[in-house]
Amino acid sequence: MTGASGAHEDALLGEVLAAFADAPDRRLATLITRLVEHLHAYAREVELTAAERRTAIDFLTAVGQVSGPARQEFEMLSDVLGVSSLVETMGSADEATLQTLTGPFYVPGAPERAFGESMVERSGGGTPAVLEGRVTGADGEPIAGAVLDVWQNAENQLYAVQDPDQPEGNLRGRYLTRDDGRYEIRTIRPVPYRIPEDGPVGALLRQTNRHPWRAAHIHMIVTHPDYVRLTTEVFDADSDYLDSDAVFGVAPELVRSFAEERGTLRTRFDIVLAADRARAAR
Ligand code: BEZ
Ligand code: FE
């Protein structure tokens, strides 16, 4: 029973916090005690019942049971709750391009590709398009030799890693910037797709009247030894779901229009990296 004063609940919270108070890792102590405070406040606010706590445990158990190296259901739970995007945004340097989530379809080791090379390894389908831009530092200095590790889905909505009919390197590539910081990628226009919805996270979306679609986007991880690694996405301005992306990854500064130029659809996405101060100080 919830006491009118909540005195017992307050005492219980105090006991739990005290139990964790001596954790030698002070960051862990902060993370766990603040989590306990929020969980207790939540349970009290919604007057959580024993049956609802059991349902939550069963749900998290199911999420764990389908998770493994090939299926990151816990990661997806964090994504659909907006926590992944929140943490990436908080980790973004103010002066740099906005950081977004990586998602489950990144596979390291994409083929190295030349400036302007196509990353389409399977012909047919999809609208040819070019993604180009410059990578600079916060003061506008061009960054030569930055690596853009790029991946996107095909016209059938699937990433190569999800689709045995696509060559492994299809729509994946590692591009280097030129001396003036420019990069150029030949590809196809990305299309919206559904995040995997055959597990407990999909069931949660259905139960809460949410759709599983992501707005059309191209992912990239941009690295250079003197700058902070950036994971980001560029979104197609004509895509559906820009206002209701299932994992809350869309931000206005990442949305670009494709326009016909010199006979090809092109879009420009300039990227700013933050200097790696820790490295500069070493
Ligand atoms: C993706 O953009 O690849 C993605 C992100 C979160 C969940 C599923 C897919
Ligand atoms: Fe994606």
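1. Buried residues make up 25% of the 282 residues in the chain. A residue is buried if 20 or more other C-beta atoms lie within 10 Å of its own, exposed if 12 or fewer do, and partly exposed in between, with C-beta atoms placed from the backbone. This is a predicted model, in which local features need pLDDT of at least 70 and side-chain atom pairs count only at pLDDT 80 or more, while totals for chains, interfaces and linings use all residues. Residues are numbered from 1 along each chain as its sequence is written, and chains are lettered from A and ligands numbered from 1 in the order in which they are written.

2. The overall architecture may be stated briefly. The chain has seven helices and 13 strands; helices (H or I, at least four residues) and strands (E, at least two) are DSSP runs, numbered from the N terminus. The C-alpha trace of the chain spans about 75 × 45 × 30 Å along its principal axes. Among contacts between residues at least 6 apart in sequence, 70% join residues at least 24 apart. Two residues are in contact if their C-beta atoms, placed from the backbone, lie within 7 Å.

3. Helix α2 covers residues 26-45, and its 20 residues should span 28 Å at 1.5 Å a residue. The expected span is 1.5 Å times one less than the number of residues in the helix. The end C-alpha atoms of α2 are 28 Å apart, which agrees. How many of the 20 residues of α2 are buried? The number is zero, so α2 lies largely in the open. Glu37 belongs to this helix and counts as partly exposed, with 13 C-beta neighbours inside 10 Å. Glu37 and Val16 are 21 residues apart in sequence, and their C-alpha atoms are 9.2 Å apart in space.

4. Two residues other than glycine deserve attention for their backbone angles. Most residues other than glycine have a negative phi. Glu47 sits in the loop between α2 and α3 and is exposed, with 8 other C-beta atoms within 10 Å. Arg262 likewise has a positive phi of about 50 degrees although it is not a glycine. Arg262 is found in the loop between β11 (259-261) and β12 (264-268), and Arg262 is exposed, with 6 other C-beta atoms within 10 Å.

5. Helix α3 (residues 50-66) has 17 residues and reaches 25 Å from its first C-alpha to its last, close to the 24 Å expected. Of the 17 residues of α3, the number buried is zero, so α3 lies largely in the open. The axes of α3 and α4 come within 7 Å and cross at roughly 130 degrees. Axes are lines fitted to C-alpha atoms, for helices over the stretch in contact, and angles run from 0 to 180 degrees between N-to-C directions. The two helices are therefore oblique to each other; angles under 35 degrees count as roughly parallel, over 145 as roughly antiparallel, 65 to 115 as roughly perpendicular and the rest as oblique. Val63, Gly64 and Val66 of α3 meet Glu73, Phe74 and Leu77 of α4.

6. Helix α4 (residues 73-80) also packs with helix α6 (residues 200-207), at an angle of about 25 degrees and with the axes 9 Å apart. That makes α4 roughly parallel to α6. The contact is made by Glu73, Met76, Leu77 and Val80 of α4 and by Pro200, Val201 and Leu205 of α6. By class, this contact has six nonpolar, no polar and one charged residues. Ala, Val, Leu, Ile, Met, Phe, Trp, Tyr, Cys and Pro count as nonpolar, Asp, Glu, Lys and Arg as charged, and the others, Gly among them, as polar.

7. Which residues surround ligand 1? They are Met76, Asp79, Leu101, Gly103, Pro104, Phe105, Ile195, Arg214 and Val247; a residue is near a molecule if its C-beta atom, placed from the backbone, lies within 6 Å of it. By class, this shell has six nonpolar, one polar and two charged residues.

8. Trp151 lies in strand β3 (residues 147-152). Trp151 is buried, with 23 other C-beta atoms within 10 Å. Not counting residues up to four places away in sequence, Trp151 touches Phe105, Tyr106, Ala110, Tyr159, Leu171, Arg172 and His219.
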